[in-house]
Number of protein chains: 2
Amino acid sequence: MHAGRPLHSERRGRQSSSSGRYTDEVPKQPRRITLRDIAEETGLSAAAVSYALRGLQVPPETQRRVREVADRLGYQADPIARALASGRTGYVGVLCGSLADVWQQDIAAALGRKFLSVGRHTLIADASNDPELEATLASQLADQRVDALIVLPVDPAAAHWKEVARRTVLTSIGDGLPGAATAAEVVFDNGAGVTDALHRLVDCGHRRIAVMTPSRPTTPDRPAEAIAHQVAQSLGLDVTLHPSPHDLDGATAVARTVLSSANPPTAFLCLADSMAYGVYAGARELGLDVPDDVSVMGFDDHPLSRLLTPPLSSYRWPADLLVDLVVKRTVKAIDEDKLSRRKVLAPAAKPRGSVAPPRTTRR
Amino acid sequence: MHAGRPLHSERRGRQSSSSGRYTDEVPKQPRRITLRDIAEETGLSAAAVSYALRGLQVPPETQRRVREVADRLGYQADPIARALASGRTGYVGVLCGSLADVWQQDIAAALGRKFLSVGRHTLIADASNDPELEATLASQLADQRVDALIVLPVDPAAAHWKEVARRTVLTSIGDGLPGAATAAEVVFDNGAGVTDALHRLVDCGHRRIAVMTPSRPTTPDRPAEAIAHQVAQSLGLDVTLHPSPHDLDGATAVARTVLSSANPPTAFLCLADSMAYGVYAGARELGLDVPDDVSVMGFDDHPLSRLLTPPLSSYRWPADLLVDLVVKRTVKAIDEDKLSRRKVLAPAAKPRGSVAPPRTTRR
DNA sequence: GCGCATCACTGAAGCGCTTAACCCAAGAGA
DNA sequence: TCTCTTGGGTTAAGCGCTTCAGTGATGCGC
């Protein structure tokens, strides 16, 4: 490459006008405008241009001149080269526990929009509820040199988070990552939600309650599950935990199984609305009525949940606030190297028609 | 930088053992393993290692040796440096017309998974149904040096696609991009769907039909809308077009307005299920029954659509096939520079309970 | 036994940018 | 008047990889 086309010397030859090029080949890619082009045009050095464009080393007049030329030439800094030189890519990874979850889809989309508005692109990955895939993806994203990684963890207790936090700015949503040096954590007070939900169900007369959770049996120490157990104990309830995927078919299958078991629960508490949808579908398949035969409560309060018949009782997190906080704190960690304190969001109950007293005739 | 720390010469000094470093500062980032490290370890040149790791210039034994050392050292090629050197980033952009659309969310997620399985990361962007934002994002993604851009266009007729296609491999989903040299197009036969839908509604007795479309008034020449007009003409129908956002609140507002107009339609044909959800909500607000007071048909057949009461009539596209095709053809275009022919997908009607004859009492 | 093609690999240039270090002229302070 | 700054630059190194153009050793045909 160092002979065939004497790149620099050639370019040096004045303007970017179609000078002494092997002209008859049409350049499909119009050749990128580089710093050097602007440097030539303005008579400055490339470094000066680089500084000027970034507003450093502020000689206002020169800055204006450079910017003007840059605009005229349609200059766009090459993010790749910039990343290599500066060590920051401008990318933020978003690792979702399960993108089959409508709520996580919304959050991912909102994060994407918000980060874009501060000049950063997002790389979205989906762990599909699989802790191992999650580990792989996390390390893969870190290898991609993302400036930060936002994670909605499948397994918050996993060992690798510590390592990931060492490699990049790490922010968690939903659950905290104990032991890892996270830059920010915006976590849900799932405990409060679960407690409230179980009490409501109990007050309504339910005793046998199925809890659908995204967790694998290997992570029984997640806050939500642990608290479900505690509350169940203290109230003397018959609570069973059922790991479930977030997609409709998967959740429906779980619900179907649970509902057709020997002594089925009279109520479902789903740790994600997506799973509750599965309960609706499963119940319908079996000819059971919601809420008369089976009550359902969800978590996340996705907009579509209130569209169902009956509208789904759920718990809403302030999604806008959440996204705002996450982006703001993450950016702060990237730019100023400042970590933030953990922020806990409280759930707002949205009781709706999907909960009713259990039919006494049924058992 | 060229004085303080004589990078190369220092590294050259044998092993990567903690040689003569300013030791007492703990290296938080454990220093990346580079090609050079492997080169030293194996006694080869960096170039040789580069070739070996990529399976080029195949001396099987050396290759094994190199790979072994690489594994042991936990080498991971720096994608940024690779991108800068080779000119391909390994990123694929996905530009969605509107991520408020549940179906597009699913497609985006599926594309992400699929591309990941072939070693490429996706940058997802959301045009929020805004043609101008779409143009901005398209060019921004191209600037990011994505190897390819997958687009679910808001405005397929926009002029900038031609330019974008010149800059990167461009694939479109849904609508084709007339005039642009796309690498692949997987388009929907919306015409067939719309025609079929209108006929069904007519057969059912409907004459005043509202069509909800994602388009802005500025793009009246989209296939679907054009055909809606044609069919309406030929059947002598009273068809009105209503641009609508995909999010529930936005679509609900549109539906509410339409439904409370002087001479409301008896049926809605929505070019996306997400919009149909809005009709359900709007109708409910006004105390109207679906389907007795107003019939609704959707497009895309999102899984949740069959969960509604009544289940939404819709048209399904083979999403898996779609994603497969798009990824396969895009990768082919990137790697082998081969363009593919346009592929047209036919819709499969999924008639369900949301369509019924108009109530004759109402007018 | 000699020329020639392979093989296996090396050296160096280059991707387009950032950044540390240096440098010169002009204004300020003494 | 002379030194000290400071503003406004410049130079060059370097990011970690790819890739082109060699280059000695082999292997081979005849």
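How many residue pairs are in polar contact between chain A and chain B? In this predicted model, the count is 17, with both residues of each pair at pLDDT 80 or more.

**View 1. Polar and charged pairs link chain A and chain B.** The rule finds six salt bridges across this interface. R145(A) forms a salt bridge with D78(B), and their closest N and O atoms are 2.2 Å apart.

**View 2. Several helices and a strand of chain A touch chain B.** Elements giving two or more residues to this side are α5 (79–86), α6 (102–117), β2 (121–126), α7 (131–143), α8 (160–167), α11 (248–259) and α12 (273–285) of chain A. The largest share comes from α6(A), with six residues. By type, the residues of this side divide into 23 nonpolar, 10 polar and 13 charged.

**View 3. Area is buried between chain A and chain B.** Contact involves 46 residues of chain A and 46 residues of chain B. The buried area is about 4400 Å², and carbon and sulfur atoms give 57% of it. On the chain A side, I80(A), H121(A) and L307(A) lose the most area to chain B, together 15% of what that side buries.

**View 4. The largest nonpolar core has 98 residues.** Those touching the most other members are L111(A), I173(A), L269(A), L322(A), L111(B), L269(B) and L322(B). Leaving aside neighbours within four places in sequence, L322(A) is in contact with W103(A), I107(A), I173(A), V186(A), F188(A) and L345(A). Another core, of 54 residues, lies apart from the largest one; among its residues are A283(A), L312(A), Y280(B) and L312(B).

Note on methods
Residues are numbered from 1 along each chain as its sequence is written. Chains are lettered from A and ligands numbered from 1 in the order in which they are written. This is a predicted model: local features need pLDDT of at least 70, side-chain atom pairs count only at pLDDT 80 or more; totals for chains, interfaces and linings use all residues. Side-chain values use heavy atoms; hydrogens and water are left out. A nonpolar core is a set of buried Ala, Val, Leu, Ile, Met, Phe, Trp, Tyr and Cys residues joined through side-chain atoms within 4.5 Å. Buried means under 20% relative accessible area, exposed over 50%, partly exposed in between (1.4 Å probe, protein chains only). Contact means heavy atoms within 4.5 Å. Buried area is the accessible area (1.4 Å probe) that two parts lose on being put together, summed over both. A salt bridge is a side-chain nitrogen of Lys or Arg within 4 Å of a carboxyl oxygen of Asp or Glu. A polar contact is a pair of N or O atoms within 3.5 Å; within protein, one must be able to donate a hydrogen and the other to accept it, and residues adjacent in sequence count only if both atoms are side-chain atoms. Helices (H or I, at least four residues) and strands (E, at least two) are DSSP runs, numbered from the N terminus. Ala, Val, Leu, Ile, Met, Phe, Trp, Tyr, Cys and Pro count as nonpolar, Asp, Glu, Lys and Arg as charged, and the others, Gly among them, as polar.
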